[in-house]
Amino acid sequence: MSDTTTNTTPEDDPHSAALPAESHLHDAPAIDPDKAPDKVAIASQWQLTWWAFKRHRLAVFALWIIGLLYLVSIFAEFVAPDDPTKQNRRAVYHPPQMIHLIDRTDEGIRIRPYVWKMDRQRDPASLAVSYVKSEEKIYLTLFGRGANYKFWGLWETDRHLFATQDPREKFFIFGADRLGRDMFSRILYGTRISMSIGLVGVAISLVLGITLGGLSGYYGGRVDAVIQRMIEFVLSLPTIPIWLALAASLPPDWPIYQQYFVITLIVSLVGWTELGRVVRGRFLAMKNDDFVIAARLDGASEGRIIFRHMLPSLSSHIIASLTLAIPLMILAETGLSFLGLGLQPPAISWGVLLKEAQNIISISQAPWLFIPGGFVVVAVLAFNFLGDGMRDAADPYGH
């Protein structure tokens, strides 16, 4: 009896359609992680977190907003069209001017930005100053010349992102304050301090929270008892009165950077306690896990066990907690400066700018002085949405 081999084609064998050829497997297109269980199974924790975060569209949009705010704060001198401290008595409470892009002239329609010039008038009876739109246009240009400034304090230039074609002309996108200073330029400079104070404050809270919370959870016993009593004492203090008392004790003649540093420390005094408790609880739960015991038996130092093995497992949760803590820092600085107990002029922050809008004249005659409050709202909402997205992405297996 002889063996015979029968050659069949895919059309002859009905089961061959369900068995793809091995050569075709290597030519398969890239697999969508949402539709590829095998790829998800071998993905790292950071890849899973990133895939989960990208599905949170509102958080991604908030990330772009925050990135834009920090980009503006870095290049505030270049983006601001005017010197934020320059006073102009001819532009006191100058109203905002809208930028127009389509210029209709007798020669036809052209696309070039401009604003309508505002003429200053004084009522002969009440002596009240008002501004009326004239028929004259002020044309704007990209990378034009304006007020001199030192870019990042390194070199002096007069180039701005956008400026008037005639450097002698002035325009006010967000209006002017009681001293005729450009509100748009002042808000951009204020973004630098208000947004950076949140990062610096959170950085201090991060160091305190991880260090004290990690020591409390890892060692336990008396160390844990002492640190927990300290945390409970800090949490028992009334936050706002303590901040007010500490801020009011600052000498008014201190330089701006010294005030900035102390205010940052003040708003960080309470922020570290919540993170410290979270780190302590996770360390208590992990210190007897197999990978920690294995590292200890392998002769790893306590510092390596804490920072190389235990902290990385908390990284996604820590990032989400810090993202939610930054808006609290921004609100704290804004509130203190608004009450006159935080940063003081000539420092420029959103809170300092809002302090200018405390009188009834601002509400009735210059409502544009409240525009910095809109920036505070946008920044806080963006950080909250980003924090929600990162908190959900921190547990990618739950989605």
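A crossing of two helices is called left-handed if the near helix is turned anticlockwise from the far one by less than a right angle. Keep that in mind for the second view; everything shown here comes from a predicted model.

**View 1. The protein chain as a whole contains 16 helices and six strands.** Of its 399 residues, 40% are buried. The chain exposes about 23400 Å², and carbon and sulfur atoms supply 62% of that area. Now take the contacts between residues at least 6 apart in sequence: 64% of them join residues at least 24 apart.

**View 2. Helices H7 and H10 meet in a left-handed crossing.** H7 covers residues 221–236 and H10 covers residues 271–286. Their axes come within 10 Å and cross at roughly 150 degrees. On the H7 side, you can look for Asp224, Gln228, Met230, Ile231, Glu232, Val234 and Leu235. Their partners on H10 are Trp272, Thr273, Glu274, Arg277 and Arg280. Sorted by class, this contact has five nonpolar, two polar and five charged residues.

**View 3. Ser194 sits in helix H6, which spans residues 183–219.** Is Ser194 buried or exposed? Its relative accessible area is 0%, so Ser194 counts as buried, the cut-off being under 20%. Leaving aside residues up to four places away in sequence, Ser194 touches Ile330, Glu333, Ser349 and Trp350.

**View 4. A closer look at Ser194 shows its side chain reaching the backbone of Trp350.** The atom reached is the backbone nitrogen of Trp350, at 3.0 Å. Trp350 is also one of the residues that Ser194 touches.

Notes: Residues are numbered from 1 along each chain as its sequence is written. This is a predicted model: local features need pLDDT of at least 70, side-chain atom pairs count only at pLDDT 80 or more; totals for chains, interfaces and linings use all residues. Side-chain values use heavy atoms; hydrogens and water are left out. Helices (H or I, at least four residues) and strands (E, at least two) are DSSP runs, numbered from the N terminus. Buried means under 20% relative accessible area, exposed over 50%, partly exposed in between (1.4 Å probe, protein chains only). Contact means heavy atoms within 4.5 Å. Accessible areas come from the Shrake-Rupley method with a 1.4 Å probe; for residues, only the protein chains shown count as cover. Axes are lines fitted to C-alpha atoms, for helices over the stretch in contact, and angles run from 0 to 180 degrees between N-to-C directions. Ala, Val, Leu, Ile, Met, Phe, Trp, Tyr, Cys and Pro count as nonpolar, Asp, Glu, Lys and Arg as charged, and the others, Gly among them, as polar. A polar contact is a pair of N or O atoms within 3.5 Å; within protein, one must be able to donate a hydrogen and the other to accept it, and residues adjacent in sequence count only if both atoms are side-chain atoms.
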